[in-house]
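Dear colleague,

Please find the structure below, handed over for your records. My notes on what was found in it follow directly after.

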Amino acid sequence: MKYKISLLICFIFAFGLNAQNLTGIKICINPGHGGYDSDDRNVVIAPYTSGDPNGFWESKSNLDKGLQLRSMLEAAGATVIITRTTNTTADDLPLTQIVAMANQSGVDFMLSIHSNAGNGVANYVLMLYAGLDATDTYTYPTATPWSDKSREISTEIAQNLYTNQITTWSSTYSIRGDKTFGRTAMGWSDGYGVLRGLAVPGVISEGMMHDYIPEAYRLMNMEYKWLEAWNFFKSFCAYYNAGQIITGNIAGSVRDIRLPLETSYNKFAGRDRLLPLNGAILTLVETGETYTADQLQNGVFVFKNLSPGVYHVKAEKDGYYPQTQEITVTANNTVYFNFGLNRIRNTPPQVISYSPDVAITDSVEASTDIVLNFNWDMDETTTTPAFSITPHVEGKITYEDTQYRLRFTPDKPFEKSTIYTVKLAKSASHPDNLSMTEDFSFQFLTKNRNRLALLTSYPYQGNNQVYNVAPNFRLIFDRKLNTTNIQSAIRVLDENGVVLAKNARSVVNNSVSAPYGSTYFSLSSNLVAGKEYTLVVDGDVADEVGMEVVEPIAIKFRAANVLVTTQPVVESFETVSYVFDESQSVDATTATTTTSSTRLFGSFSNKFAAAINTQAGFATFKANSPVIVNNQKVIGLHVYGDLTGNELQLQFTAGAEVKYVKLCDLNFRGWEFHEVELTSLAPLTDYQLTGYRIVRKSNWLFSANVEVYVDNMLLYDEMISSVSNIADVSIKIYPNPAVNFVRVSGLDTENTVLQLYSINGTILKEVQAIEMNIQDIAVGTYILRIQYKNQMITRPLIISR
Amino acid sequence: MKTSKTWLFLFVVVAGSLSAQTITVMNRFKMPVATNAFYPVLNQNGDKILFTSDGYNGLSMYDLTTKSVTNISDHPGAGYEPMFDASDSKVFYRKTTYENRRRMDAIESFELVNNKKVLMLPPQRDLKQVRNFHNGFLVTADRKLLKSTFGKNAKALPVYVTTQDLKIYLYKDEKFQILNPLNEAESRYLWVSLSPNAKMILFTAAGKGTYICDLNGKILASLGSLNAPVWYDDQYVVGMQDKDDGQVITSSKVIMMSVNGKIKTQISQADEIAMYPTASAKGGKIAYNTLDGKILVTEIEIK
């Protein structure tokens with residue numbers, strides 16, 4: 001009864017006001033754009049796909065506003081010229097026709113209705129009226145008539161649009177002359193085409209930003225568009241002194257008071273981040289009128305054309321406590337009220353599922369997250385402190401699915417082969433302050449692996465002769481890579497830390513056989529010989545189950561010009577100079593020698609290819625024309641390595657005597673120059689260089705397939721390299737790959753220091769001995785540095801288990 | 001009905017005879033004025049051009065014979081659809097004002113001989129389509145047909161065509177009738193004009209194209225896209241084919257077209273954004289403005 005008395009007072013008050021009268025006023029409404037074409041501003045919002053006419057189109061939104069405004073104006077006696085009433089491609093009129101419609105109809109004002117785009121990060125009213133900013137003194141090619149009148153009515157419109165409190169504005173409104181704006185913001189000489197040649201005052205109204213996605217959802221609501229039209233109408237009534245609108249409106253939105261709207265698009269702080277309550281029912285108690293919020297994530301409601309007075313609006317939604325709000329409506333105004341409803345949570349919270357949920361006898365990846373799913377949305381302030389994991393792990397707790405899911409993400413992978421106990425104490429509660437009835441806990445066991453391991457790379461740490469021309473970078477990991485981030489997470493830096501661009505077409509990922517992973521690439525430009533570079537692998541490079549490298553890797557190397565041209569060439573490899581000798585090979589098949597255009601000199605190199613099927617197997621390639629040498633000589637060879645870790649040896653023959661001299665380890669990919677003194681040959685004896693031998697050094701998968709190129713072999717008297725190396729021909733590192741121990745032969749314990757380095761140069765272990773215990777070292781590729789007296793040698797060491 | 005059928009027959013015969021004709025631009029020159037100039041209007045003889053600003057502020061006249069410029073008015077709106085009288089001795093133009101924020105248009109005359117200005121019509125609401133009549137003009141204002149002449153004139157009013165709220169209004173036989181040549185509820189008619197022989201109506205339907213119809217609204221020809229069309233004579237029209245990107249004009253060319261649409265000649269040059277042509281058949285001239293405010297005058301020959 002109280003409500004009805006209030007309503008009666010409303011009606012009495014309403015009839016005391018003068019109704020608006022726009023008789024004789026003529027307005028041109030131009031709903032901007034037209035049709036569902038590429039230039040009609042389709043903003044893709046779920047559930048609609050790109051190009052769906054049912055989704056958001058600025059052309060459609062503008063038309064909806066325009067048609068509703070036409071109805072209001074005509075009801076008030078105005079004459080309306082609307083430039084289109086449908087939304088087809090044919091409605092996308094030439095600008096000159098739109099201008100002509102306004103001019104030839106003799107209208108008092110032209111309103112071009114639009115919404116704007118602000119890269120999804122802005123939302124404000126922009127009025128672009130026909131004319132200049134009041135402060136603009138620039139001389140334009142043509143003058144604009146009625147600039148002041150256009151500015152005056154644009155200001156009225158902007159102020160009214162800005163009263164909208166359903167939306168979230170990123171800043172206040174802006175009112176600009178189209179010529180000033182066009183010149184300063186768009187680089188145009190003479191303003192917007194739809195205002196050019198206009199003989200009457202006019203404006204382009206950019207009422208909001210439709211690519212701010214919450215606004216696009218609101219613009220799908222017809223009443224929200226009605227509200228904008230009503231504000232236009234109100235502006236015209238005021239500008240033309242046509243009397244006040246005798247009724248008012250109630251508008252707002254309905255959202256959950258606390259649950260977030262979990263979508264990835266940008267949302268300003270405040271109500272746009274809360275869950276809109278689709279389908280909520282609003283009831284205007286005094287009249288019984290109801291409004292059902294739509295299903296499009298906006299929660300918008302509007303009660304239109306209400307007589308002034310006191311009203312009560314009741315908001316209801318299944319599962320929520322209803323809320324009623326008293327609202328006083330005044331004539332000529334819209335009263336905004338945004339509801340925040342609270343859920344009904346009348347049972348205690350409990351965990352309804354979790355992961356990893358496996359038998360304790362099974363094991364899970366050490367990179368896994370811990371997830372708890374609840375029957376209610378949970379209160380963060382009680383749930384987060386109730387969570388624990390034993391042994392303790394540092395990590396981050398986040399909430400998903402509108403707080404129904406707790407996720408614990410460890411900062412680093414869990415320890416290997418470890419049983420963890422996860423517990424959620426019963427103190428965890430939901431927002432209605434009901435706690436769990438009992439503690440919840442479970443256990444899981446991790447697998448024996450908690451890092452993605454880099455098995456080998458080129459360049460390797462400390463490599464100082466990486467050919468500066470088109471080097472090919474290769475990294476092989478123990479598991480197939482997740483390639484999402486490796487374009488930037490694996491990179492090459494110069495001395496100044498500048499990232500060198502990869503040649504996009506050169507990138508090949510995961511080309512090695514499973515379970516291994518790899519990435520190969522070249523750079524867009526050559527390196528500078530003599531300069532130091534760093535190959536970086538970020539800690540978040542991960543495999544396909546999310547296991548990360550964790551500790552970042554930095555491999556320092558130096559570029560060099562590896563072409564040696566200062567010594568006599570005894571073999572140029574322009575023809576096939578060496579052929580496979582099966583009789584001198586062991587477990588080598590499908591071996592070939594061919595000429596190849598992968599070369600450093602002349603037209604060709606020689607390519608040695610073979611499959612060496614067992615560890616210690618080897619392939620020998622016999623010389624067609626042996627070169628005569630002795631132990632006073634040095635042999636230098638340009639070698640294109642294959643990153644197998646195998647060993648390239650030279651075969652020397654003197655009568656029945658056959659000797660093998662190691663030239664280099666094939667632990668590189670690309671051209672390098674290697675030389676060796678032949679002092680291990682017998683003195684005063686002529687030897688023939690009768691062949692090359694490639695010896696497989698390990699059972700590592702990638703050692704089997706040999707592909708080595710050689711070019712220009714040199715014979716001379718003094719070593720070119722000044723690097724002091726151990727005469728390492730007699731040194732053996734074994735086993736390699738190693739499991740628990742690695743040993744060095746040919747040296748004595750007293751004068752030998754072994755240092756184990758990670759591939760990024762960190763020293764991990766050091767012993768004065770010829771044997772090192774590596775049981776505590778993880779699987780991967782390392783550098784073993786051997787110091788013997790005043791000399792030093794480094795070798796790659798693979799640890800596998 | 002008999003008259004209509006006869007005219008339709010003549011239209012077909014005349015249009016058919018056009019197919020062998022060619023249009024040649026014999027000469028082209030820029031109107032040498034210091035300011036940016038838009039919306040040219042040629043007089044009947046083709047020796048004078050009215051021009052204004054892009055926003056129709058002010059009105060000036062260039063005399064092609066004396067090569068002199070006469071300032072007629074500085075008033076806002078004066079440049080919107082001005083016209084020469086039937087004898088080319090006066091200019092009628094608007095004076096737009098706003099009263100209580102409502103647009104009002106008056107019409108003044110300007111005598112070329114002595115620069116004398118006379119207020120012909122006091123401020124009116126909704127003033128449309130000034131057309132020559134005797135030594136004055138016909139115009140509609142607030143949906144009423146008004147005539148204004150020097151001295152009394154008892155002549156019967158001729159056929160007159162105008163638009164009201166983008167509908168075609170034809171005054172004939174002492175009454176207005178609404179024509180809807182495309183017979184569509186939502187058609188919006190623009191740039192409506194009567195042919196020199198007062199037998200045909202040229203118009204553009206927004207979003208649909210440009211057409212010629214007879215006085216009964218029967219479509220005689222569809223000319224395709226041709227904005228701001230004007231009559232050259234009873235056999236040819238001139239208009240513009242403009243394009244935009246939704247924000248600014250990106251290209252436009254001026255096209256002369258036979259009334260049957262079969263002869264089509266580009267009058268403007270390829271590197272111009274040419275708009276809003278005006279024509280004088282008697283002077284053999286077509287003039288137009290470019291987007292950046294130059295007026296080009298062409299002399300054409302039809303053989």
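The model is a predicted one. I begin with a pair of helices in chain A: helix α4 (residues 147-161) of chain A packs against α7(A) at an angle of about 140°, and their axes lie 9 Å apart. Angles over 145 degrees would count as roughly antiparallel; α4(A) and α7(A) are therefore oblique to each other. Their crossing is right-handed.

On the α4(A) side, the contact is made by Ile153(A), Glu156(A), Ile157(A), Asn160(A) and Leu161(A). On the α7(A) side, the residues are Glu228(A), Asn231(A), Phe232(A), Lys234(A), Ser235(A), Ala238(A) and Tyr239(A). Taken by type, the residues of this contact of α4(A) with α7(A) comprise six nonpolar, three polar and three charged.

After α7(A) comes Asn241(A), which has a positive phi, near 50°.

I turn next to the two chains. In chain A, 38 residues are in contact with 39 residues of chain B. On the side of chain A that touches chain B, β4 (79-82) and α3 (95-105) of chain A each supply at least two residues. The most is given by α3(A), with eight residues. By type, the residues of that side of chain A are 17 nonpolar, 15 polar and six charged.

With kind regards

Conventions
Residues numbered from 1 in each chain as written. Chains lettered and ligands numbered in written order. Predicted model: local features only at pLDDT ≥ 70, side-chain atom pairs only at ≥ 80, totals over all residues. Contact = placed C-beta atoms within 7 Å. Helix = DSSP H or I, 4+ residues; strand = E, 2+ residues; numbered from the N terminus. Nonpolar A, V, L, I, M, F, W, Y, C, P; charged D, E, K, R; others polar. Axes fitted to C-alpha atoms, helices over the stretch in contact; angles between N-to-C directions. Parallel < 35°, antiparallel > 145°, perpendicular 65-115°, else oblique. Left-handed = near helix turned anticlockwise from the far one by under 90°.
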